[in-house]
Amino acid sequence: MTDSSLFPCFLGPYGENDNLLEKLVVEFLRDHVYWRRNLHPEDPPAIPTHAAQQPGFQAFESKLRRELHQLSAALKRSVPFHSQRYLGHMVSDLLIPGMAAQILTLPYNPNNVSDEAAPVTIDMEIEVGLQLARMIGYPSDPNQPACAFGHLTSGGTVANYQALRLALAIKAYPVALLAAAPPDLALPESDWAAFNLAPQQAIEHFVQAQAWMHSLPVAEARLWRQRIEVERIEQVGQVGFFARHPELRPPVVLVPATAHYSWSKGMKLLGLGRHQLLQVPEREMRLDADALERLLMELHAQRQPVLACVGILGSTEFGTVDPIDQLCAARDRWSQQGFGFAVHADAAWGGYLATLIRDPNGALRSREQVSREFARFPNPPTYSALAALQHTDSITIDPHKLGYLPYGAGAFVARDQRPFALLAESADYVFQESDHSDYFSRARALGQYIIEGSKSGAMAAAVCVTHRVMPLDHAHFGRLPAATIQATEHMRDAVAALREKLQGIARLVLPFEPDCNLICLAINPQGNRSLERCNRFMRQLHCEIRSDNGVARQDREYYGCVTTIRSDALGGEAMQGLLQQLGLDCGSPDEIERQDTRLIVLRHTLMNPFLIDEVNDRNYLDGYFEFLQRRVKALAGALQSADCRVTEDLSPLKPYATSARQAS
């Protein structure tokens, strides 16, 4: 049965909740105007009441209306992400609480760089960090010294860069401390030992050093702080730092083949370079823990430090989930051998799936409890990865993806807030001297720690209000991902039925089982043995579901997207097996990898909670598969009649342009 608790959450595919959103926007716009009028009512209006009758005013209004009408008309060419017919990228309808809160806050224009520029919304951003920390199981009590700390970013890319920046600061600090050689502190015995502490051990050295300096007279403490500061990598730079410590080498970062390209960006921005980003082999598009162990053994033998190992919780291409639990186990195991590194979870896509394993009281739900409302989810590896998020050192989560909030709202959360002081930048005109003895007073100087110089408080309000209205547990926010997981399971089962209907016409293959609400599908016309021809067939099929400015939006029955499965990511042997399932000619695994083999597949992101509309007895996924059946039959037939030639300009196949309204 369609979950009725989701009915008021969105504007709706048909604009069903327009009255609710309109009332909220008008009510709080008027409320904002009353606030302005009552701030100093003794001040006369700067804009006279008769201004609207002046020619200049009317000309301005006319021009403004004309531009807005043109913009509104142009925006009708936008992709209909709100529709149940949209199954493509990681975009969907927006939650009303977030939209309304953002619109409400915009006229106040808070800048969440400090509490002086954003006295209300900066606290909301701090609260968002704690909300997300609680969702994934990090310590979330601000009264505890090791409480987690998080903040919003423009997206997952900036959050991932913040993860690298913080990890390097933590890793390098004990080396600076050892170089400064303060007395009365237990220090590592060598630069190598200092640089390869486990993150938590390095944090403890930082905390002890801060406590020791705090115990000294003010002048002496200042001298020691300066002495340590001039040794830090943030001051001398990487060239100077590694020149001073020749025993050390710049660290590498380990990522799976499915890692987002932002990791390459981050390595370049941090100055480590793309060469220091090492790819861990995968197994079925998931990081291979055995291969990771072998790589760590090699790096340890080469005395090559590791900064971090990144696990993906829901890759943006395939939705696959890496074994986060095994990454954390490897970190703990190697740290005991003096070879420490951080574990970061890139959960930009899948982070909000953690709501499904969290009770309203914050307790972790068992896999058995979670699986009661699903057919397959979560499989044991996915559950173990979700449950292990609490043991990672930091995490990226994108509220503008599975959080159903506007762009750009990424988030970075660190398990322990104490080392954020290593990132601090001072600016007297922004950050005033104040008592930083408690969590919130320190966090309100947010601009000291983040990468951005200015940031929207309206976005913080949008995320915070949404989380308050829909708490991040399975009984509230979790109803959203639950609906999309159920839709994915329905689609997974429907693949078998479609395979039967297309027998003798085309081969359908699931490249790998879905871990969450993203599912891929490979299709090859029956009898075709050419990979190139298969890919051209898939491009033709994609042309009939992609958003194209040359085709009216109503003339698309469904909207979707494609991606490629690459042999360098999947591995030659697994790629060979996939091609063979499709009936395609392929060489040996070595040849497949050497030729950089790529297979185009349909990629379906199921975010809309109304895909299975039981209220109206309408199943859009079944409708999509009926559409696929028709089009695959037609294209396969056209392909045969054209002597198996499909050209890039789609000739001799006739482009499909039947109106969705006619088809319905």
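**Close-up 1. Helix H5 against the strands of the sheet in the predicted model.** Helix H5, formed by residues 156-180, lies across strand S1, strand S2 (252-256), strand S6 (306-312), strand S7 (342-347), strand S8 and strand S9.

**Close-up 2. Helix H11 against S2, S3 and S6.** Residues 289-301 make up helix H11, which lies across S2, S3 and S6 and runs at about 165° to S2.

**Close-up 3. The open sheet of 7 strands.** The strands of this open sheet follow the order S1-S9-S8-S7-S6-S2-S3, and their pairing is mixed. Strand S1 (149-153) and strand S3 (277-280) stand at the edges and have a single partner strand each, so that one side of each is left without a neighbour in the sheet. From one strand to the next, the twist averages 20°.

**Close-up 4. The pairing of strand S8 with strand S9.** Strand S8 (residues 394-397) and strand S9 (residues 410-414) run antiparallel and are joined by 4 bridges. Within this pairing, Ile395 stands opposite Val413, a residue of S9.

**Close-up 5. Helix H3 and what covers its buried residues.** Helix H3, spanning residues 96-105, is mostly covered, with 8 of its 10 residues buried. The buried residues of H3 are Ile96, Pro97, Gly98, Met99, Ala100, Ala101 and Gln102, together with Thr105. Among the elements that cover these buried residues are helix H1 (18-39), helix H4 (121-136) and helix H16 (457-469).

Note on methods: Residues numbered from 1 in each chain as written. Predicted model: local features only at pLDDT ≥ 70, side-chain atom pairs only at ≥ 80, totals over all residues. Heavy atoms only, no water. Buried < 20%, exposed > 50% of the residue type's maximum accessible area, 1.4 Å probe, protein only. Helix = DSSP H or I, 4+ residues; strand = E, 2+ residues; numbered from the N terminus. Contact = heavy atoms within 4.5 Å. Pairing = 2+ DSSP bridges. Axes fitted to C-alpha atoms, helices over the stretch in contact; angles between N-to-C directions.
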